[in-house]
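Please work through each task before reading its solution.

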Amino acid sequence: MAALAAFAANSLLCRLALGGNTIDPASFTSIRLLAGALTLGLLAGFRGNWAWLRAGGWGPAVALAAYAAPFSFAYLRLSAATGALILFAAVQAAMLGWAIATGERLVGRQWAGLAIAIGGLVYLLLPGVAAPPLTSAMLMAAAGAAWGWYSLAGRDAPDPLGATASNFIRALPLALLVSALTWSGQQTSTEGIVLAATSGAIASGLGYAVWYLALRHITTGSAAAAQLAVPALAAWGGVVLLEEPLTIRLIIAAALILGGVGLALSGRAGRS
């Protein structure tokens, strides 16, 4: 539960920082990855060797950067709840899509669940007063697809913690490049830096470390199902901590997306 709360906290911290204009999204991304790299590197280094530096790869690192940067830019105009919901839907869609593309056959209820979830996402994005900005929604969907790619690339890593630390280090120059390309819009403050560092060190670094420890004791299907709680936690935090509105559209879309994904995952829960 602590790891799931940390994942939801990433949405809350990013939205708090960017919604309050305390930092620009590129700087938030760079500081987040730097803090995460330092935290994960220390945790991996405590084991007494430096072999973890070779555990990652440039492919996963590119995927990590392709997740982190759009994630930050999307939260310029998305609420914490909406962003987490779109991100989660895109991650699961990417992973299920890969499973189908590589020959996994889905049963009827899984196809039904996928259709329901897609319908919920379409409903969320339909034009209207309560619809999220389409550009921001697409950025978050791209971030989710990249995170799904990253998750698939690292699922068989013999040293998940070391690989994640190594990938954060490799992804950092890519984030810095984005910062350099958007230098004219650079904006930082002490509050923004603290929020970005907290997101990287605690919500990302420690959160991922706890998650990988938990993954040793549960199946992959159970882990995927457990992540259904992340958008709900982000929505609760957004309403309580950030005073974000909880619209009828968001409630209906969340029910459709989370229910549909849960149904689609139900046939895979026993797989490891």
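**Exercise 1.** Determine which ring face R32 lies over, and where the charged end of R249 sits.

*Solution.* The criterion is that NZ of Lys or CZ of Arg falls within 6 Å of the ring centre and within 35 degrees of the ring normal. R32 lies over the face of F71, at 5.1 Å from the ring centre. For R249, the charged end is placed over the ring of Y123, at 5.7 Å from its centre. The model is predicted, so local features require pLDDT of at least 70 and side-chain atom pairs count only at pLDDT 80 or more, whereas totals for chains, interfaces and linings use all residues. Residues are numbered from 1 along each chain as its sequence is written, and side-chain values use heavy atoms, with hydrogens and water left out.

**Exercise 2.** Count the aromatic pairs and classify the pairs of Y67 with F71 and with W147.

*Solution.* Rings of Phe, Tyr and Trp (its six-membered ring) pair if their centres lie within 6.5 Å; planes under 30 degrees apart are stacked, over 60 edge-to-face, and the rest tilted. The count comes to four aromatic pairs. For Y67 and F71, the centres are 5.4 Å apart and the planes stand at 45 degrees, so this pair is tilted. Y67 and F71 are four residues apart in helix 3 (residues 58-74), hence separated by about one helical turn; helices here are DSSP runs (H or I, at least four residues), numbered from the N terminus. For Y67 and W147, a centre distance of 4.8 Å and a plane angle of 50 degrees again give a tilted pair. Y67 and W147 are both buried, that is, under 20% relative accessible area, where over 50% is exposed and values in between are partly exposed (1.4 Å probe, protein chains only). F71 is buried as well. Finally, ring pairs join Y67, F71, Y75, W147 and Y150 into a cluster.

**Exercise 3.** Identify the salt bridge partner of R15 and state which parts of the chain the pair ties together.

*Solution.* A salt bridge requires a side-chain nitrogen of Lys or Arg within 4 Å of a carboxyl oxygen of Asp or Glu. One salt bridge is counted. The partner of R15 is E244, with the closest N and O atoms 3.7 Å apart. Because E244 lies in the loop between helix 10 (229-241) and helix 11 (248-266) and R15 in helix 1 (residues 2-19), the pair ties together parts 229 residues apart in sequence. Both E244 and R15 are buried.

**Exercise 4.** Describe how helix 2 and helix 7 pack.

*Solution.* Axes are lines fitted to C-alpha atoms over the stretch in contact, and angles run from 0 to 180 degrees between N-to-C directions. Helix 2 (residues 25-45) and helix 7 (residues 160-181) have axes 8 Å apart, at an angle of about 155 degrees. Angles over 145 degrees count as roughly antiparallel, under 35 as roughly parallel, 65 to 115 as roughly perpendicular and the rest as oblique; helix 2 and helix 7 are therefore roughly antiparallel.

**Exercise 5.** Locate N21 and E243, and decide whether each is buried or exposed.

*Solution.* N21 is in the loop between helix 1 and helix 2. Its phi is near 55 degrees, a positive value in a residue other than glycine. With a relative accessible area of 53%, N21 is exposed. E243 is found in the loop between helix 10 and helix 11. E243 also has a positive phi, of about 55 degrees, although it is not a glycine. At 71% relative accessibility, E243 counts as exposed.

Definitions and conventions: Helix = DSSP H or I, 4+ residues; strand = E, 2+ residues; numbered from the N terminus.
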